[in-house]
2 protein chains.
Amino acid sequence: MIIVRETTKIGRMSRYDPSAFPPFAVTVDLVVLTVRDHELCALLVKRGEAPFQGYWALPGGFVRLDEGLAEAASRELAEETGLRAQSFPGSLPVGQTPAGVHLEQLATYGHPQRDPRMRVVSVAHLVLAPDLPSPRAGGDASSARWAPVSELLGEEQCDGVPLAFDHGRILADGVERARSKIEYSSLATAFCPPEFTVGELRRVYEAVWGVVLDPRNFHRKVTGTPGFLLPSGGTTTRQGGRPAQLFTAGGATLLNPPMLRPEP
Amino acid sequence: MIIVRETTKIGRMSRYDPSAFPPFAVTVDLVVLTVRDHELCALLVKRGEAPFQGYWALPGGFVRLDEGLAEAASRELAEETGLRAQSFPGSLPVGQTPAGVHLEQLATYGHPQRDPRMRVVSVAHLVLAPDLPSPRAGGDASSARWAPVSELLGEEQCDGVPLAFDHGRILADGVERARSKIEYSSLATAFCPPEFTVGELRRVYEAVWGVVLDPRNFHRKVTGTPGFLLPSGGTTTRQGGRPAQLFTAGGATLLNPPMLRPEP
DNA sequence: CTAATAGTGTCTGTGAGACACTATGGA
DNA sequence: TCCATAGTGTCTCACAGACACTATTAG
């Protein structure tokens, strides 16, 4: 039987007795990814207090008792970067602003010893943003930076030092989510400014996947997928060469057939 | 034991002050899916106490302070069904027993009002199991049942009554995860007994997707994908007709190219 | 025999990858 | 002029879907 009424034993209490339950702290952590200078980068903040004082960590913070998880992630994002990401209910919490900043729940990490001081369960969220001017962390610019994920992954370290807590694993999971999700969705446009060229979108795929794609086949593929790109009418030569058409993200979210990530 | 010292300033406390944090209850809920009689079914338990007394709900329970999330899900699964699912660390917590029972984290649900009594954050997990004899809920068989998801979804109700809490949405998310994951992984074998035929595997796909697949093309596809199926040598006529080769699940987890789910 | 399922072979259309070729700007 | 990038056309191979046909059991 599931129900036990003794409230003294934390591990064996009634399943839904509201007066006695094991108390957890719940936080949100953010994997904020962008493409800068042909490289996939993640936002890191420097910890100012123990434990892991002086280590780089993912931005995040406590969930308040009166706010939802996506709401908390959104608030932390705004507090630490000034970005605004709108969340709305859906099949798995996913949000996207008109500007293209994308927020979705990633996974939850709750190993009993992941925080040495107390039992913390962290609901990690993934944010995909276009290239941003420069990070600010609550006004303190020196304690936040964009770090290329290639330096962070593999060894899971930053300047030779691992990230705080289990943030190396969370970051790796977030990067893998982003890499696989741009295969079958139009999410790569979240890394682009409101108007972008096919070449700029291709460079996003190349940076996220770390590969080189054939420009001609890529062009044929993305312009031939209905709903992926909407021509905005204008052109630009900001990449040099022949003027390129400008596009905005189309309404389609799922790409069928998907973009294929080349094998190693 | 963790003590909350400052209960007055819940919303504005220091990010990592261990002596003061908003206290949450953390639970795991389980979306346990199986294929019975050509139908995708989910395990439900009947609630014996308020709120939602008498309603059907997903199995689940509190996470203990000394166990991880997958561990808690595993324990609840064993307590409520007798199944054993092994969990191990990986990119997003995923586990699979030799017998094929598969456990993975699904998503986390933490709307402030999802439980009317207190603030509960629930980490939902997805379990895929082969057809099982009959459910038992801690020995109380009358309070657990397999319900076809077709009756539960769409209207998100059961016998005309919705599931307790937000379990209708959690179930819908779990079913969608299962439906999409058998496209590009060999996870459909988790619904099969240790040895199975190509026809039995095809009926799993048909039940989960709710479609009819061409037996010849399906056979060519799955037997032609390296690492998906391993011939076990034996044959069976349990489905009638010509004896069919028996297979076990191969080592491959990702199918490339994927199985294609037919359009409506 | 018939019924049922298992398994193979063949054709066709779609689309990805490779790559030649043309188009249009700037230095 | 050269050089860079944009964009089109064409060929080939892989593979999904449709479906004819054979194989092997039970009844």
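Trainee: Which elements of chain A and chain B each supply at least two residues of the surface near DNA strand D?

Mentor: This is a predicted model. Both chains take part: chain B contributes α5.

Trainee: Which element gives the most to the surface near DNA strand D?

Mentor: Four residues of this surface come from one helix. That helix is α5(B).

Trainee: How do the residues of the surface near DNA strand D divide by class?

Mentor: Eight residues of this surface are polar and ten are charged. The remaining class is nonpolar, with five residues. The division is five nonpolar, eight polar and ten charged.

Trainee: How far is the side chain of R242(A) from a base nitrogen of DNA strand D?

Mentor: The atom on the protein side is an N or O in the side chain of R242(A). R242(A) also has a polar side-chain atom 3.2 Å from a sugar or linking oxygen of DNA strand C. For the base nitrogen of DNA strand D, the distance is 2.9 Å.

Trainee: Which element gives the most to the surface near DNA strand C?

Mentor: α4 (198-209), α5 (215-224) and β12 (244-249) of chain B each supply at least two residues there, as does α5 (215-224) of chain A. The largest contribution is four residues, and it comes from α5(A).

Trainee: What is the distance from the side chain of N217(A) to a base nitrogen of DNA strand C?

Mentor: N217(A) is among the residues that come nearest to DNA strand C. An N or O atom of its side chain lies from that base nitrogen at 2.8 Å.

Technical notes
Residues are numbered from 1 along each chain as its sequence is written. Chains are lettered from A and ligands numbered from 1 in the order in which they are written. This is a predicted model: local features need pLDDT of at least 70, side-chain atom pairs count only at pLDDT 80 or more; totals for chains, interfaces and linings use all residues. Side-chain values use heavy atoms; hydrogens and water are left out. A residue is near a molecule or strand if one of its heavy atoms lies within 4 Å of it. A polar contact is a pair of N or O atoms within 3.5 Å; within protein, one must be able to donate a hydrogen and the other to accept it, and residues adjacent in sequence count only if both atoms are side-chain atoms. Ala, Val, Leu, Ile, Met, Phe, Trp, Tyr, Cys and Pro count as nonpolar, Asp, Glu, Lys and Arg as charged, and the others, Gly among them, as polar.
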